[in-house]
Amino acid sequence: MKTIIHFDLISDIHLDFWVEYSSNHIKQNQRLDKFVHIILPEEPSEVLVIAGDLGHFNKQNFIFLEKLKEHYKYILLVAGNHDYYLVTKSIKNKYKRNSIRRFQEMKIMAEQIPEVLFLDGDTIEIGGITFGGAGMWYDFQYGIHQLNIDVNKIYDSWKSISNDSVLIEGLPRLVEAMFLQELTKLKKILDISDVVVTHISPDWSNVPIDKINDISNSFYYFNGRELLYNLNRKIWCFGHIHRRVDYINEGCRLINASLGYPDENNNIPKKIMRVTH
């Protein structure tokens with residue numbers, strides 16, 4: 001008999017937008033305690049999955065994870081695009097304008113907390129359920145295949161629209177090579193995972209009608225249709241798109257439990273989502 005899957009899910013927390021980063025330890029703790037209390041479900045499950053975009057300040061993120069860990073036995077994360085951002089001059093200098101260094105530091109810090117794990121081409125089995133993940137990246141294929149736009153025009157649009165082109169530094173050629181690097185990690189875990197976690201969505205079939213012709217979709221999805229064919233009855237958790245969805249495609253259940261920015265939520269944060277499957 002198949003094990004029933006229970007876990008909690010959230011993404012796109014963008015913590016420093018909700019809780020202003022402060023070097024005042026007492027003030028920071030009070031604000032984070034209040035924020036955690038607001039987003040926690042009434043009865044947290046054993047596992048919390050965070051599908052990318054934690055926050056821009058590693059020290060603040062670490063304290064936040066410690067506070068969440070008081071309520072969860074396991075916390076599993078993947079990297080989002082914002083988890084590579086270098087948002088201030090001092091942060092750029094600290095990591096020598098290399099976004100990978102910031103992510104690697106966050107990964108090391110987080111995994112100092114017992115049973116907290118960044119899934120970066122890794123899997124973990126909890127209660128008979130295998131969770132696997134990688135951050136993933138977009139591949140411009142939406143614009144190429146859905147909108148029939150030349151890749152150079154998409155690239156120019158990305159440079160003018162996306163903060164990724166400005167606030168991420170030192171990643172391999174940013175788009176093409178980063179996508180292939182992340183895809184290699186994803187393919188390692190895909191077949192053996194009951195729950196797949198990425199930040200970027202593999203499926204654009206659920207794009208709202210009023211957004212279908214938006215070129216920026218090229219920076220929010222990758223073409224994962226062939227991957228979904230083999231994931232019947234599995235779960236794929238993702239984020240990046242600040243819109244909560246839960247639907248089936250190719251037999252795979254796709255779930256986004258993003259929080260997003262305060263102005264997208266009337267300054268009232270959504271609670272962490274409970275997933276039962």
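Okay, thanks everyone. Just keep in mind throughout that we're looking at a predicted model.

Let's start with the five-stranded sheet. It's an open one, the pairing is mixed, and the strands come in the order S4-S3-S2-S1-S11. So which strands stand at the edges? Those are S4, residues 116-118, and S11, residues 273-276; each has a single partner strand, so one side of each has no neighbour in the sheet. On average, neighbouring strands here are turned by 25° against each other, if you ignore direction.

Now a closer look at a couple of those pairs. S2, residues 47-50, runs parallel to S3, residues 74-77, and four bridges join the two. If you want a landmark, Val47 has Tyr74 in S3 as its bridge partner. Helix H3, residues 58-69, packs on this sheet and touches S2, S3 and S4. The direction of H3 makes about 140° with that of S3.

Leu9 is the residue standing opposite Met273 in S11. As a reminder, in a regular strand the side chains alternate between the two faces of the sheet. S11 shows a covered face with Met273 and Val275, while Arg274 and Thr276 are on the uncovered one.

Next up is helix H9, residues 176-189. It has 14 residues and spans 21 Å from its first C-alpha to its last, close to the expected 20 Å. Which residues of H9 are buried? Met178, Phe179, Glu182, Leu183, Lys185, Leu186 and Ile189. Looking down the axis of H9, the buried residues fall within an arc of 165°, so they line one face of the helix. Turned away from that buried side, you find the exposed residues Leu180, Thr184, Lys187 and Lys188.

What covers the buried residues of H9? The cover includes strands S5 (122-126), S6 (129-133), S7 (195-197) and S8 (235-238), along with helix H10 (225-228).

Let me stop at Glu182 for a second, which sits in H9. Glu182 is buried, with a relative accessible area of 1%. Leaving out residues up to four places away in sequence, Glu182 touches Tyr84, Ala134, Gly135, Met136 and Trp137. For a sense of distance, Glu182 and Val207 are 25 residues apart in sequence, and their C-alpha atoms are 23 Å apart in space.

Setting aside neighbours within four places in sequence, Leu186 is in contact with Ala134, Met136, Val196, Thr198, Phe222, Leu227 and Trp236.

What does S8 pair with? S7 pairs with S8 in the parallel sense over three bridges, and there Val197 stands opposite Cys237. S10, residues 252-256, also pairs with S8 in the parallel sense, this time over four bridges. In that pair, Trp236 has Leu254 in S10 as its bridge partner.

Last thing: a couple of backbone angles to look at. Most residues other than glycine have a negative phi. Arg233 is not a glycine, yet has a positive phi of about 70°. Where is Arg233 found? In the loop between H10 and S8. Is Arg233 buried or exposed? Exposed, with a relative accessible area of 68%.

Asn266 is the other one, with a positive phi near 55°. Asn266 is in the loop between S10 and S11, and at 68% relative accessibility it counts as exposed.

That's it from me, happy to take questions.

Key. Residues numbered from 1 in each chain as written. Predicted model: local features only at pLDDT ≥ 70, side-chain atom pairs only at ≥ 80, totals over all residues. Heavy atoms only, no water. Pairing = 2+ DSSP bridges. Axes fitted to C-alpha atoms, helices over the stretch in contact; angles between N-to-C directions. Contact = heavy atoms within 4.5 Å. Expected span 1.5 Å × (residues − 1). Buried < 20%, exposed > 50% of the residue type's maximum accessible area, 1.4 Å probe, protein only. Arc of directions from axis to C-beta.
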